[in-house]
Amino acid sequence: MAGMKRFVTYIYAYEDGRKGSNIGFAKIEIRGEDCRIEIHMRGVYVRQSVCKVQLFREKDGHIGGFPIGEMRLSNGNGDFGVMIKDRNIVGSPFGMNHMEGIILLSEDDRVFASRWKEGRALDVRTENVRAWQPD
């Protein structure tokens, strides 16, 4: 089908900015102007039960986050789904083709992330994630 792109990307736990174990995956499907994102995580034990879900792009060594929702964790498992527009993500001039991955931030500062675009290694820590702001 023309105008459709689908892929799966694996999500990893990060400790002290370093990639750790695989704890889940995300399915991304772009069809026309719509983008569906599903996230499934297992074996994630955090003190708090909510993770902020953000798409991201790297800029000047920092991770620019574009919030798309929150995922509840229960008994170490979490599932999340959202439908967004492929363009102007959270009112920005950026679309899915500008995004590099997904990052999830727990309330107790644990970080889970997936990056589907190649690039230099990122320091994946909560303090390096900045919410997108217009220039």
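Me: How many bridges join S1 to S2, and do they run parallel or antiparallel?
Reply: In this predicted model, S1 and S2 run antiparallel and are joined by 11 bridges. Tyr 14 gives one example of the pairing, standing opposite Lys 19 in S2.

Me: What's in the hairpin of S1 and S2?
Reply: There are 2 residues between the strands, and Asp 16 takes a positive phi near 50° in that hairpin.

Me: And S2 with S3, how many bridges there?
Reply: S2 and S3 pair over 8 bridges, in the antiparallel sense. Here Glu 29 stands opposite Arg 36 in S3. The hairpin of S2 and S3 has 2 residues between the strands, and in it Gly 32 takes a positive phi near 65°.

Me: New topic. How many residues are in the largest nonpolar core?
Reply: That core has 30 residues. Those with the most contacts inside it are Ile 37, Ile 39, Met 41, Leu 55, Leu 104 and Phe 112.

Me: Which elements give two or more residues to this core?
Reply: They are strands S1 (4-15), S2 (18-31), S3 (34-41), S4 (50-59), S5 (62-74), S6 (77-85) and S7 (101-106). Another core lies apart from it, with 10 residues, among them Tyr 14, Leu 105, Val 111 and Val 124. That is the Tyr 14 that stands opposite Lys 19.

Me: Back to Leu 55. What does Leu 55 touch?
Reply: Leaving out residues up to four places away in sequence, Leu 55 touches Ile 37, Gly 64, Gly 65, Phe 66, Ile 68, Ile 84, Ile 89, Met 96, Met 99, Gly 101, Ile 102 and Trp 116. Of these, Ile 37 is also listed with Leu 55 among the residues with the most contacts inside the core.

Me: Where does Glu 58 lie?
Reply: Glu 58 lies in strand S4.

Me: Is Glu 58 buried or exposed, and why?
Reply: Glu 58 counts as buried because its relative accessibility is 18%, and the cut-off for buried is under 20%.

Me: What does Glu 58 touch, then?
Reply: Not counting residues up to four places away in sequence, Glu 58 touches Glu 100, Arg 115, Arg 120 and Leu 122.

Me: Now the outside. Which residues form a nonpolar patch on the surface?
Reply: Val 8, Tyr 10 and Phe 25 form one, and together they have about 280 Å² of accessible area. Val 8 is in strand S1.

Me: Why does Val 8 count as partly exposed?
Reply: Val 8 counts as partly exposed because its relative accessibility is 47%, and that class runs between the 20% limit for buried and the 50% limit for exposed.

Technical notes: Residues numbered from 1 in each chain as written. Predicted model: local features only at pLDDT ≥ 70, side-chain atom pairs only at ≥ 80, totals over all residues. Heavy atoms only, no water. Core = buried A, V, L, I, M, F, W, Y, C linked by side-chain atoms within 4.5 Å. Buried < 20%, exposed > 50% of the residue type's maximum accessible area, 1.4 Å probe, protein only. Helix = DSSP H or I, 4+ residues; strand = E, 2+ residues; numbered from the N terminus. Contact = heavy atoms within 4.5 Å. Pairing = 2+ DSSP bridges. Patch = residues over 30% accessible without salt bridge, like charges linked within 9 Å, V, L, I, M, F, W, Y side chains within 5 Å. Areas by Shrake-Rupley, 256 points an atom, 1.4 Å probe, with all protein chains shown as cover. Salt bridge = Lys/Arg side-chain N within 4 Å of Asp/Glu carboxyl O.
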